[in-house]
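Visitor: I would like a close look at a single part of this model, with the terms spelled out as you go.

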Amino acid sequence: MAKPEDVLVVKDKSVVVPGEALATGMGYIPGTGTYRDGESVQAGRLGLASIDGKVIKLIPLSGKYLPKLNDRVIGKVIDVLLTGWRIEMNCPYSSVLTLKDATTEFVARGADLTQYFALGDWVVAKIVNVTSQKLIDVSMKGPGLRKLQGGRVIVVNPQKVPRIIGKEGSMVSLIKDATGCNIVVGQNGLVWMDGEPQAQLKVVETIRKIEDESHLTGLTDRISAFLQKKGA
Amino acid sequence: MTHVARETLLASLKAGMHLDGRPLAAYRPITVTTDISYSAEGSARVVVGETDVIVGVKLAIEKPYPDTPGRGNLMVNVELRPMSNPRFEPGPPGEEAVEVARVVDRGIREGGALHAEELCISPGKQVWSVMIDICTVNVAGGLIDAAGLGALAALLHSKFPEHTDDIVHYDRRTSKKLPIGTQPLPVTVFKIGDFFMVDPLPEEEAHMDARLTIAITEHDTICALQKGGSIPLAKEDIHQMVKIALKSSHELRKNIPRQK
């Protein structure tokens, strides 16, 4: 229950900067992207304040990817360990793919692990554990999780990934259908694609347009019109 | 963290375009801004796509080298800042920095960009030293060409400071320009598979087989060469690369701001 001494300082959906007070009083609870400093709840990063009852959340507008449980991410193998692989995934922390999460096959002691994943291979994996110290475990077990053969990887703003995917994947399937490209969007802001060179170019242009115009209304209509104009 | 698989890149090159859609012999959009530094005698900032370099020219009066008593000195130094690319580390210049510096230096020196005799004040005693410092802000492919373009633009826009005997008054600048001879520009042609291109993106550069930097003056004279990469070049390869470089150098040269 919000008490009379609890005061909201900002309006819902207003732009806030790090350190800005969002509300005062113990009646408000800091959600993701915010923190409590004494009596007040403050913004931890640049974004839009989102007030949900007594919980104050923050929708970030920029920033690096922060790993979250169950996210599907794209990463690169940067090291082969004794019993697994180290994966880099466009974020401040690297993750580990252990043998038991990588394959159901029997792997003999001392086997050459590069026959499964070699240095520089690209994979799409799922985050299965994130500790408070940001030690991350990823797994290859699940639908669609695999090694990525060929194609190319581009970097997008991780905060725009939900817009690129769209509601239940509507946006990405719109692009897939229009261009005939194979596309995998990682939550970490890496997008893998494969297809004809011209079609790939269209995918990149479309994704850049989504990034630029994600805050405007009617994004889906705009993008399908754009793809039509491009003759895809 | 961008990446492209070799077969995907080759398919794009076969279609006659870079991964961003431009023709193989075309540069990304280039902007050259001169006189960006207050304290340097000449300066330029070159932005080629996402590659961004700053060049400064500093003049000093020094003793000439004993073997060239009547000629001014030229020094080119490149600093690859750690913030400009993840592969650069702090510390003394590495192999890559030394190579860029030497290739830019060679083009300017051997192409006769400076009339070194006119930099002499008193033979054997006092000459002007021209120091070109190249500093990277961001490196995303095509570094040598950007550095060479910046060095030439900075030289063309340099002005001598006043001096009495061997004391230079850096706070008082004259309108006298450097004695410019020719205007050499390095153009680097890359070979990936059977394809040739200029100005690769960083993910394309990772697949480089060989590269040939060709310094070309405004009269289409070749004045310096540098080969890089582990795969040897055939005679026909070099012919073709020179042809591409000559054509691309005209495009590159248009970006030098006119002298005031």
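Guide: The buried residues of H5(B) are Met241(B), Ile244(B), Ala245(B), Ser248(B), Ser249(B) and Leu252(B), where buried stands for 20 or more other C-beta atoms within 10 Å of the residue's own, exposed for 12 or fewer and partly exposed for what lies in between, with C-beta atoms placed from the backbone. This is a predicted model, in which local features need pLDDT of at least 70 and side-chain atom pairs count only at pLDDT 80 or more, while totals for chains, interfaces and linings use all residues. Residues are numbered from 1 along each chain as its sequence is written, and chains are lettered from A and ligands numbered from 1 in the order in which they are written.

Helix H5 of chain B covers residues 235-253; helices (H or I, at least four residues) and strands (E, at least two) are DSSP runs, numbered from the N terminus. From first C-alpha to last, the 19 residues of H5(B) reach 27 Å, close to the 27 Å expected at 1.5 Å a residue, the expected span being 1.5 Å times one less than the number of residues.

As for what lies over the buried residues of H5(B), the cover includes helix H3 (143-156) of chain B, together with strand E10 (185-192), strand E11 (195-198) and strand E12 (210-216) of chain B, contact here requiring C-beta atoms, placed from the backbone, within 7 Å.

For a view of chain A, Asn90(A) has a positive phi near 60 degrees, although Asn90(A) is not a glycine, and sits in the loop between strand E10 (84-88) and strand E11 (95-98) of chain A. Asn90(A) counts as buried because 20 other C-beta atoms lie within 10 Å.

Notes
Two residues are in contact if their C-beta atoms, placed from the backbone, lie within 7 Å.
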